[in-house]
Number of protein chains: 2
Amino acid sequence: MPKVTGFKTVDVRFPTSRGLDGSDAMNQDPDYSAAYLVLETDEPGLSGHGLVFTIGRGNDLQCAAIDLLAGYAVGRDVDDLAKTMGAFARSLVRDSQMRWLGPEKGVTHMAAGAVINAAWDLVSKHAKKPLWKYLSDLSPAEIVELVDFRYITDLITPAQALELLEKAAVGKESREKELVRDGLPAYTTTPGWLGYTDEKMVRLAKQAVADGFTLIKMKCGVSLEDDKRRLKLAREAIGPDVRLAIDANQVWDVPVAIEWINSLGDVNLHWVEEPTNPDDVVGHAAIAKAIAPVRVATGEHVANRVIFKQMLQSNSLSFLQIDASRVAGVNENIAMLLMAAKLGIPVCPHAGGVGLCEMVQHLAMFDFVAVGGEHPDRVVEFVDHLHEHFVVPTKIERARYMAPSLPGAGAEMFEKSVADYTYPTGKEWVG
Amino acid sequence: MPKVTGFKTVDVRFPTSRGLDGSDAMNQDPDYSAAYLVLETDEPGLSGHGLVFTIGRGNDLQCAAIDLLAGYAVGRDVDDLAKTMGAFARSLVRDSQMRWLGPEKGVTHMAAGAVINAAWDLVSKHAKKPLWKYLSDLSPAEIVELVDFRYITDLITPAQALELLEKAAVGKESREKELVRDGLPAYTTTPGWLGYTDEKMVRLAKQAVADGFTLIKMKCGVSLEDDKRRLKLAREAIGPDVRLAIDANQVWDVPVAIEWINSLGDVNLHWVEEPTNPDDVVGHAAIAKAIAPVRVATGEHVANRVIFKQMLQSNSLSFLQIDASRVAGVNENIAMLLMAAKLGIPVCPHAGGVGLCEMVQHLAMFDFVAVGGEHPDRVVEFVDHLHEHFVVPTKIERARYMAPSLPGAGAEMFEKSVADYTYPTGKEWVG
């Protein structure tokens with residue numbers, strides 16, 4: 001019966017702003033960072049790992065927020081925790097004094113997510129299963145118990161969720177086999193960073209197609225003329241059949257978004273991502289209506305299930321992009337999966353950053369096996385950065401995420417990476 | 001030419017959870033707290049004060065967030081700052097790495113607000129004016145320059161704001177005279193805390209009417225039967241002509257809110273406050289429609305101008321309740337005042353807590369004099385707690401907020417109060 005005996009947080013930063021990888025219209029100089037949490041136990045070799053992805057300044061604050069909430073896990077018996085992960089997650093989110101600092105948004109909410117995800121890592125490692133498999137093996141009733149339905153019952157009730165999951169249980173085994181054999185389709189943002197020259201972008205776009213990707217994404221939103229030229233070049237490079245999406249990273253006001261997108265010319269866009277502020281449910285709905293048949297994708301900065309609920313109620317999006325570390329962890333993300341499944345909206349996770357690919361793939365795989373099932377538009381973002389620091393790195397074959405077989409939830413980094421990139425004392429910062 | 005030479009933050013907490021003052025359906029045991037900021041200058045006696053109101057745990061984290069942003073003020077010349085308060089506020093909100101931790105919400109956004117408000121305190125003290133007067137004396141063009149219109153131009157553009165302010169400038173002088181003579185109407189929540197017995201509530205409600213209040217507010221949302229009984233008693237105590245509002249502090253899901261409110265019986269409610277989650281624009285709109293003619297008030301937990309914009313676009317509220325320390329300070333609150341004025345919605349500030357009355361009254365007074373003008377439903381919350389710790393405490397006469405004549409923005413506390421209630425080392429915590 002292992003027990004959580006303590007925790008530590010580490011401010012890990014990668015100096016990515018020294019290059020231009022990861023640059024976009026809103027985030028000019030990100031240092032990809034992780035506010036990294038380790039839950040320690042009294043069983044040798046067993047620990048739980050979670051992280052919040054940030055882009056530099058404030059990563060120390062994010063660690064401090066995790067420090068304030070990680071105590072909820074200390075002293076807990078891991079077997080008992082495994083049986084009560086719903087109540088555990090709710091206790092973190094509902095801390096009545098901390099709640100004032102959100103509620104359920106920003107630094108404190110992401111901190112809750114890191115602690116919850118670290119607990120999931122611990123629980124799934126203790127069960128010797130990868131998280132996607134651990135979750136897929138739960139019964140519909142056990143899955144319902146994980147979710148905080150507060151504030152979303154006007155879209156989905158626990159009873160409706162149970163019914164949906166029971167229907168999805170049919171065919172679960174064959175989908176699991178399919179997943180293990182074929183993985184899930186990935187898409188790539190690698191060619192599309194704003195810092196790249198046209199030549200580099202075209203070369204990387206062609207390479208992506210050669211690698212088997214059927215969707216590539218381009219950053220946009222700084223210059224309309226540049227966007228028109230780059231999209232035309234990209235479309236020529238990838239041919240008519242590969243899907244092409246764009247990502248504005250929140251740079252536009254609503255009227256500007258509509259005019260800009262409708263001026264891009266006929267390059268057959270699959271989606272426009274983050275056209276405006278992530279809180280703007282009404283704005284996203286207005287944009288979606290005005291740019292149809294081009295569709296809207298959003299979510300990496302959506303603060304919680306309440307905003308996603310409204311986006312689904314208001315036809316604000318056609319692709320729901322969950323993020324592994326923005327919300328209150330696996331549990332709140334299951335709420336998103338259930339709401340999207342009820343309305344038949346595909347969940348297409350945001351990834352990249354530090355460890356987001358490693359973490360969010362588990363949720364996409366669980367969604368495929370046990371919640372949303374087959375969907376022709378299901379796809380998971382892939383960015384080929386920083387995977388070498390993770391103990392169980394993503395495995396992409398023929399442009400598909402292959403299912404991890406090793407236990408855990410994906411966030412564990414090599415101790416040497418954590419030490420070398422600790423800010424500001426690690427050797428990569430001192431050297 | 002004074003200059004900002006440094007800053008300090010202090011974790012100030014009042015042990016209010018030892019009593020039941022301030023208890024409501026969501027916040028059972030608040031310790032009213034302030035993450036308190038002092039901007040220091042090289043001019044003897046001149047300093048700027050700002051604070052974020054929290055309810056206990058996490059106040060240290062809120063101080064740490066302020067520490068990360070207060071550096072933006074250090075080294076600035078106060079005269080120069082006074083001329084560029086719009087750009088100063090935008091630079092804090094748009095820090096491209098810190099923005100990832102919101103954007104514009106939670107601990108980091110409130111920290112920006114504290115720094116911006118402390119700068120306003122400094123600037124208005126340097127000009128020897130109370131903030132309401134300082135702002136009211138600005139020209140329409142100067143006021144427009146203060147506001148970040150990003151993400152709200154679909155509701156109001158800078159040009160529309162300028163036109164609105166120029167129209168409001170007519171009659172400004174006579175409204176200022178009226179303000180100085182009569183103040184602004186206050187309402188009281190003092191009788192309505194959930195922890196009080198029926199007898200105490202009735203006694204305090206009668207006292208409030210005797211004191212001249214024409215609107216009192218009751219907490220509700222824990223027990224429908226209790227609410228029905230308490231509201232009936234309150235209505236009997238105050239008579240038919242005094243307005244009666246209720247406040248649920250976000251305790252309901254949307255369907256529950258509608259059923260609950262429509263079951264309260266005919267007590268002629270003026271408004272229902274915070275019926276559900278503050279992010280739920282769509283939910284508030286559904287509730288507002290279903291409970292008419294009872295109207296919805298909300299705002300103390302609204303994270304930013306983008307959520308308020310949508311609430312105004314969606315008829316989610318009939319009373320807009322700005323909060324002095326929830327958003328990015330005076331500047332973002334001016335955005336709210338402008339949006340509300342454009343739609344003719346009254347701004348009825350949230351107050352109470354620590355220093356909220358002292359700070360937010362300036363915004364209500366500026367709104368009355370220079371933005372929204374006369375409105376029959378304008379009213380400012382008043383709670384009679386903790387004013388003794390403030391250097392310029394609120395002055396209520398005949399249930400009206402009298403305009404402060406001393407310079408500053410209201411947040412400055414006595415040094416002895418700050419020292420005694422510093423957590424956890426002050427004498428009120430050690431003793």
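Visitor: Which residues does Leu68(B) touch, not counting residues up to four places away in sequence?

Guide: This is a predicted model, in which local features need pLDDT of at least 70 and side-chain atom pairs count only at pLDDT 80 or more, while totals for chains, interfaces and linings use all residues. Residues are numbered from 1 along each chain as its sequence is written, and chains are lettered from A and ligands numbered from 1 in the order in which they are written. Two residues are in contact if their C-beta atoms, placed from the backbone, lie within 7 Å. With residues up to four places away in sequence left out, Leu68(B) touches Arg57(A), Gly58(A), Leu61(A), Met98(B) and Ala111(B).

Visitor: Is Leu68(B) buried or exposed?

Guide: Leu68(B) belongs to helix α1 of chain B; helices (H or I, at least four residues) and strands (E, at least two) are DSSP runs, numbered from the N terminus. A residue is buried with 20 or more other C-beta atoms within 10 Å of its own, exposed with 12 or fewer, and partly exposed in between, with C-beta atoms placed from the backbone. Leu68(B) has 20 C-beta neighbours inside 10 Å and therefore counts as buried.

Visitor: Which element of chain A gives the most residues to the side that touches chain B?

Guide: The contact takes 48 residues from chain A and 48 residues from chain B. On the side of chain A, two or more residues each come from α1 (59-70), α4 (106-126), α11 (254-262), α12 (281-291) and α13 (305-313). With five residues, the element that gives the most is α1(A).

Visitor: How is α4(B) oriented to α14(B): roughly parallel or roughly perpendicular?

Guide: Axes are lines fitted to C-alpha atoms, for helices over the stretch in contact, and angles run from 0 to 180 degrees between N-to-C directions. Helix α4 (residues 106-126) and helix α14 (residues 329-343) of chain B pack at an angle of about 100 degrees, with axes 6 Å apart. Angles under 35 degrees count as roughly parallel, over 145 as roughly antiparallel, 65 to 115 as roughly perpendicular and the rest as oblique. That makes the orientation of α4(B) to α14(B) roughly perpendicular.

Visitor: Which element supplies the largest share of the side of domain 1 of chain A that touches domain 2?

Guide: An automatic or database domain assignment sets the bounds, giving domain 1 (4-130 + 417-430) and domain 2 (172-409) in chain A. In chain A, 36 residues of domain 1 are in contact with 35 residues of domain 2. At least two residues of the domain 1 side come from each of β2 (33-41), β3 (47-54), α3 (85-93) and α4 of chain A. The largest share, eleven residues, comes from α4(A).

Visitor: What distance separates the centres of domain 1 and domain 2 of chain A?

Guide: The centres are taken over C-alpha atoms. The separation between domain 1 and domain 2 of chain A is 23 Å.
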